[in-house]
Amino acid sequence: MAAQLDLFGTPLLPGLSYGEDVLDAAEEAALVEAIDACELTPFRFQGWTGKRLTTSFGWSYDFDRGRIAPGAPIPEFLSPLRERAARFADIPAAELEQALLIRYDPGAGIGWHRDRPMFEHVVGISLGKPAVLRLRRRADTGFDRRSLPLAPRSIYHLCGEARHAWEHGIAAMERTRWSVTFRSLSALGRRAAALAQG
Ligand SMILES: O=C(O)CCC(=O)C(=O)O
Ligand SMILES: [Fe+2]
C-alpha cells in the first residue's frame with residue numbers, strides 16, 4: 001500500500017505509512033465486539049490512572065517496572081488482522097509478537113510519547129471514529145509538527161525516523177474509538193524477552 005503522500009508527493013514523514021480499508025465494516029463491528037468482551041483495564045503509570053482502557057497479548061509492558069513480561073497468546077480473532085498488518089508493514093506476521101487493544105471512551109486520548117525501546121515496528125489499526133495522529137519533534141525553535149487523520153478501518157505503520165525521532169499522541173475524542181496495535185520486538189526487546197523467559 002502506498003505511503004501517505006502530501007501535496008508534493010513526498011511521504012508525510014520517513015517511516016510513516018498509512019492505508020485505508022484494511023478491513024470491512026462487518027469485520028470492524030465484530031472486532032469491536034471482541035475487544036469489548038476482553039477484560040480492559042485503565043492504563044496505569046506510577047499511581048496515575050489514564051482514561052483509556054487497554055489489554056495486551058504476547059507481551060505486556062509494565063510501565064511501573066520498565067520491563068516487558070510474557071502475556072497470554074495473541075487470540076485467534078486477531079489473526080487475520082495481524083496477517084494484514086504484517087503485509088502492510090512488509091514484515092513476517094510472526095514478528096508482530098505483541099497485540100495491544102485500546103478503547104478510548106469520550107474524553108480519553110493518549111499524550112505525547114515514543115513507544116518503549118523494547119519494541120521496533122508499530123502497526124496501528126483504527127476502529128470506530130476518526131481520530132488524528134499527531135506527531136512532533138523538537139527543533140531549534142519549538143517543535144516540527146505533523147498530523148495524520150486516521151479514518152476508521154485504516155492502518156498506519158511507524159518505523160525508522162517517524163518511530164524513533166518523533167513523538168506521537170492522539171487528542172481526546174468526543175466519541176468512542178478503538179485501536180489495535182501490533183508491535184515487533186527490537187534487539188533490546190529480544191534480549192529482555194530472553195531474560196524474562198529464563
Ligand atoms: O491508539 C492508537 O492508535 C495509538 C496508541 C499508541 O500510540 C500506543 O499505545 O503507544
Ligand atoms: Fe504509541
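Helices (H or I, at least four residues) and strands (E, at least two) are DSSP runs, numbered from the N terminus. This is a predicted model, in which local features need pLDDT of at least 70, side-chain atom pairs count only at pLDDT 80 or more, and totals for chains, interfaces and linings use all residues. Residues are numbered from 1 along each chain as its sequence is written, while chains are lettered from A and ligands numbered from 1 in the order in which they are written.

Start with the backbone. Most residues other than glycine have a negative phi, and most peptide bonds are trans. Asp21 has a positive phi of about 55°, and it is not a glycine. Look for Asp21 in the loop between β1 (16–19) and α1 (25–36). Arg153 also has a positive phi, near 75°, and is a residue other than glycine. Its place is the loop between β10 (143–150) and β11 (155–158).

Now turn to burial. A residue is buried if 20 or more other C-beta atoms, placed from the backbone, lie within 10 Å of its own; it is exposed if 12 or fewer do, and partly exposed in between. Asp21 is partly exposed, because 13 other C-beta atoms lie within 10 Å. Arg153 is partly exposed because it has 19 C-beta neighbours inside 10 Å.

Next comes Arg163, in helix α3 (residues 160–164). Arg163 is buried because 20 other C-beta atoms lie within 10 Å. Which residues does Arg163 touch, not counting those up to four places away in sequence? They are Gly15, Asp115, Val122 and Leu158. Contact here means C-beta atoms, placed from the backbone, within 7 Å. Asp115 is 48 residues from Arg163 along the chain, yet their C-alpha atoms are separated by 7.6 Å.

Key: Two residues are in contact if their C-beta atoms, placed from the backbone, lie within 7 Å.
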